[in-house]
Amino acid sequence: MAVPVADVEMPEVGLDADGSEDERRAALTDLATRTWIARTPLGYVITRHADVTAMLRDKRWFSAIGLIAQMQGVDDAEWNRRSGQNILGMEGDEHQRLRRLVGPAFTPKAAERLRPFMAEVINDLLDPLCARGHGDFVTEVCEPYPIPIICELLGAPRDDWELFSRLATDIFRVFNGNLARDLHTIMNAQDEMGAYMSKLIAERRAEPRDDLLSDLIAAEEAGDRLSTEEMQSLANAVLLAGTDTTRNQLACAVELFARCPDQLRLLRDEPSLAPLAAEEVMRHFGAIRGTARYASETLTYRDIEFPASTLIFPSFTAANHDETQFDQPMRFDITRRSSAPHMTFGSGIHYCLGAFLARAELQEALKAVANRMPDLRLDGDVEWKPVSNGIWGPSTLPIRFTPGH
Ligand code: HEM
């Protein structure tokens, strides 16, 4: 007979622990050795790789992204309608249909065709920094890096990079914790993006090219096709999901390499390690530390009954350091080959749609950094975003190295 979760004895933890990331990571892994589940003021944190994977794969747990407005006391019919069209918040048949239609446009091959462009963008951004030998890596490199790539992916021309950057900043206000204030700014940016995309879609319908939009227009399964509105929503989701994630993941990676010169040297000497290095960075220092789900109905897992609406927080950081899956999990080792996947791209039906693209972006950037900043080191205190941010990393990253490479 299942025991109601409220009656189960388990440790209680705060939502956001104090201290450095190393301390937080150590506290989480210690918690994981003691329990697979712990109580927080809002719901339950899930700590172990096997349970995080199983619960994310269980379709009865729904994405909590649609609850952001409700949790902030915002009830706006138009906002709710738009949220319902966001792939990140969709569930069931609706979500499955969309993934089936868009999946073929997000293959490794699609990411590969952008690789030379990624290398060009990152090296152009590194040029002034490498001539100087010091600067803030976040403002000069991480912030601008993903926008040209998303534009290229969607087929938007170079002249519109500025526009995308501005729209992205406004659309990201969704994560600022003040939706009541920002709602209209966000929806205006979404409208502007929608109008822009519908023009671009019309152009691609008339004259297809070798880009994501043309692939999406051509996407068809058993006579089913994406509507213009669905493609607009997807472009919004890609901008939302593919920009700040990449920025923060790259910043976390460079901070980590600046503290681990032996690993940086290894990557410089052997650039073919870049794919393993990108995976290891995401495992050990993921910019997305976890996600949230709610029980769509009363359900039972491991003989515990979770009433409908119960919130859970699968912790990627804890799962990524689960010693039953990763040998010496606290060691950052870019030669690590593990049979268990890291959790930083999630798991189950919402597994990151842009994973191949994100990997390629990270690999190209890390190769360039290792090659052009051989003695990279930190140059002062790193400032970090609040740990409550869903997408997390340094807000400034002062670095120094020998210039001229
Ligand atoms: C290092 C960079 C990235 C990380 C760490 C990351 C991580 C994630 C995670 C954890 C999820 C699942 C969230 C959940 O289950 O609650 C997700 C979903 C998603 N990601 Fe990424 N992502 C990255 C880059 C990208 C890029 C570059 C794109 C697009 C070009 C992208 C597009 C998406 C989309 C559309 C979804 C929603 C998929 C769905 O709900 O079916 N991501 N990502």
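Of the 23 residues around the ligand, which come nearest? The close-up views below, taken from a predicted model, begin with this shell.

View 1. Ala-241, Gly-242, Gly-346, Cys-352 and Gly-354 come nearest among the 23 residues around the ligand. By class, the shell comprises twelve nonpolar residues, ten polar residues and one charged residue. At least two residues of the shell are supplied by each of the helices H13, H14 and H18. Helix H13 gives the most, contributing four residues.

**View 2. Helix H13 and its packing partners.** Helix H13 spans residues 228-242, a run of 15 residues. From its first C-alpha to its last, H13 reaches 20 Å, close to the 21 Å expected at 1.5 Å a residue. Eleven of the 15 residues of H13 are buried, so the helix is largely enclosed by the rest of the structure. The buried set consists of Met-231, Gln-232, Ser-233, Leu-234, Ala-235, Asn-236, Ala-237, Val-238, Leu-239, Leu-240 and Gly-242. Gly-242, a buried residue of H13, is also one of the residues that come nearest to the ligand. The buried residues of H13 pack against helices H5 (92-102), H9 (146-154), H10 (161-171), H11 (179-206), H12 (212-218) and H14 (244-259).

**View 3. Helix H18, a further contributor to the ligand shell.** Helix H18 is formed by residues 355-372 and has 18 residues. The distance from the first C-alpha of H18 to its last is 26 Å, close to the expected 26 Å at 1.5 Å a residue. Because 13 of its 18 residues are buried, H18 is largely enclosed by the rest of the structure.

**View 4. An open sheet of five strands.** The strand order is S2-S3-S11-S8-S4, and the pairing is mixed. Strand S2 (37-39) and strand S4 (61-63) are the edge strands, each pairing on one side only. From one strand to the next, the twist averages 35 degrees.

**View 5. The pairing of S3 with S11, and helix H2 on the sheet.** Strand S3 (residues 44-46) pairs with strand S11 (residues 311-314) in the parallel sense, over three bridges. Within this pair, Tyr-44 stands opposite Ile-312 in S11. Helix H2 (residues 49-57) packs on the sheet and touches S3, S4, strand S8 (293-295) and S11. The direction of H2 makes about 130 degrees with that of S11.

How values were computed. Residues are numbered from 1 along each chain as its sequence is written. This is a predicted model: local features need pLDDT of at least 70, side-chain atom pairs count only at pLDDT 80 or more; totals for chains, interfaces and linings use all residues. Two strands pair if DSSP finds at least two bridges between them. Axes are lines fitted to C-alpha atoms, for helices over the stretch in contact, and angles run from 0 to 180 degrees between N-to-C directions. Two residues are in contact if their C-beta atoms, placed from the backbone, lie within 7 Å. The expected span of a helix is 1.5 Å times one less than its number of residues. A residue is buried if 20 or more other C-beta atoms lie within 10 Å of its own, exposed if 12 or fewer, and partly exposed in between; C-beta atoms are placed from the backbone. A residue is near a molecule or strand if its C-beta atom, placed from the backbone, lies within 6 Å of it. Ala, Val, Leu, Ile, Met, Phe, Trp, Tyr, Cys and Pro count as nonpolar, Asp, Glu, Lys and Arg as charged, and the others, Gly among them, as polar.
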